[in-house]
Amino acid sequence: MSAGKRTAILISGRGSNMLSLLEAARAPGYPAQIALVLSNRPAAAGLARAREAGIATCGLDHKAFADREAFEQAMDAALVEADIELVCLAGFMRVLTPWFVRRWEGRMINIHPSLLPLFRGTRTHEQALEAGMRVHGCTVHFVVPELDAGPIIAQACVPVHPDDDPAALAARVLVEEHRIYPQALAEVASGRAALHEGRCVFRGG
């Protein structure tokens, strides 16, 4: 049985979406194998959780490097050394340079807590409430140089309740993040979804 595409998860914190991907990858026939969890914060709680799950980890403190380029070169070297084929950003709180994005173009995906193209960047739940949205949600997309602008692989919606605050809305969205991220990774790892000429193309199979 094939072990699936060797996949790295990049995190900065507790690794909530990381855990959903790890759980999905345990299923027989899942087309991705989580081979590495890497963080720009060596003390990130998610690294300990990954080690407990038997996954190789790498902590690279971005503050220890002279500049963003040096950090990303070290990160790229770690991914190459681990024979990584796909990269999943899961709460990785670093804006990536065009160099790194292009290096992994078509092989790197991200989950964002809004219905893109609405509410790029941070504070998405606050923005949704301030805008009076009746629905909110999350998006899995291919990573491109422009922030949160890549072709969409999957989305999920949740209702916005009249008494919602950002925390309550975030919790409802997070449930959907945990559901659609493993599904989207499976689509990419299997080749059913691919980046082609700036679009996400879905193939049968």
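Predicted model: local features only at pLDDT ≥ 70, side-chain atom pairs only at ≥ 80, totals over all residues.
I began with a convention: a crossing is right-handed if the near helix is turned clockwise from the far one by less than a right angle, and left-handed if anticlockwise.

I looked up α1 against α6. By that convention, α1 passes α6 in a right-handed crossing. Helix α1 covers residues 16-25. I read an angle of about 45 degrees between α1 and α6, with their axes 9 Å apart. That angle makes α1 oblique to α6. Next I listed the residues in the contact. From α1 I noted S16, N17, S20, L21 and A24. From α6 I noted L174, E177, H178, Y181, P182 and L185.

I checked two pairings in detail. Strands β1 and β2 pair in the parallel sense over seven bridges. In that pairing I placed K5 opposite A32 in β2. Strand β2 (residues 32-39) pairs with β3, also in the parallel sense, over three bridges. There I found V37 opposite T57 in β3.

How many residues of β2 are buried? I got seven of the eight, so β2 is largely enclosed by the rest of the structure. I reminded myself that side chains in a regular strand alternate between the two faces of the sheet.

**Entry: helices on the sheet**

I turned to the helices that cover these strands.

**Entry: the cores**

I went inside next. The largest nonpolar core has 39 residues. I listed those with the most contacts inside it: I9, V37, I109, V140, I153, Y181 and L185. Which helix gives this core its largest share? I found α6 (residues 166-189), with nine residues. Y181 and L185 were already in my notes from the contact of α6 with α1.

Leaving out residues up to four places away in sequence, V37 touches I9, I11, M18, L47, A50, I55, A56, T57 and C58. T57 is also the residue opposite V37 in β3.

I found a second, separate core of 22 residues. Among its members are A8, L38, A78 and F92.

**Entry: two single residues**

I looked up A167 in helix α6. Is A167 buried or exposed? Its relative accessibility is 55%, and the cut-off for exposed is over 50%, so A167 counts as exposed. I also took its separation from E126: 41 residues in sequence, and 9.1 Å in space from C-alpha to C-alpha.

I moved to T97, in the loop between β4 and α4 (98-103). T97 is buried, with a relative accessible area of 17%. Neighbours within four places in sequence aside, T97 is in contact with R68 and E72.

**Entry: backbone exceptions**

Most residues other than glycine have a negative phi, and most peptide bonds are trans. I searched for departures from that.

- I found a cis peptide bond joining L116 and P117, with omega about 15 degrees. P117 lies in the loop between β5 (108-112) and α5 (124-130).
- I found R123 in the loop between β5 and α5. Its phi is near 55 degrees, a positive value in a residue other than glycine. R123 is partly exposed, with a relative accessible area of 45%.
- I found D148 in the loop between β6 (135-142) and β7. D148 has a positive phi of about 55 degrees although it is not a glycine. D148 is buried, with a relative accessible area of 10%.

Definitions and conventions:
Residues numbered from 1 in each chain as written. Heavy atoms only, no water. Pairing = 2+ DSSP bridges. Helix = DSSP H or I, 4+ residues; strand = E, 2+ residues; numbered from the N terminus. Core = buried A, V, L, I, M, F, W, Y, C linked by side-chain atoms within 4.5 Å. Buried < 20%, exposed > 50% of the residue type's maximum accessible area, 1.4 Å probe, protein only. Contact = heavy atoms within 4.5 Å. Axes fitted to C-alpha atoms, helices over the stretch in contact; angles between N-to-C directions. Parallel < 35°, antiparallel > 145°, perpendicular 65-115°, else oblique.
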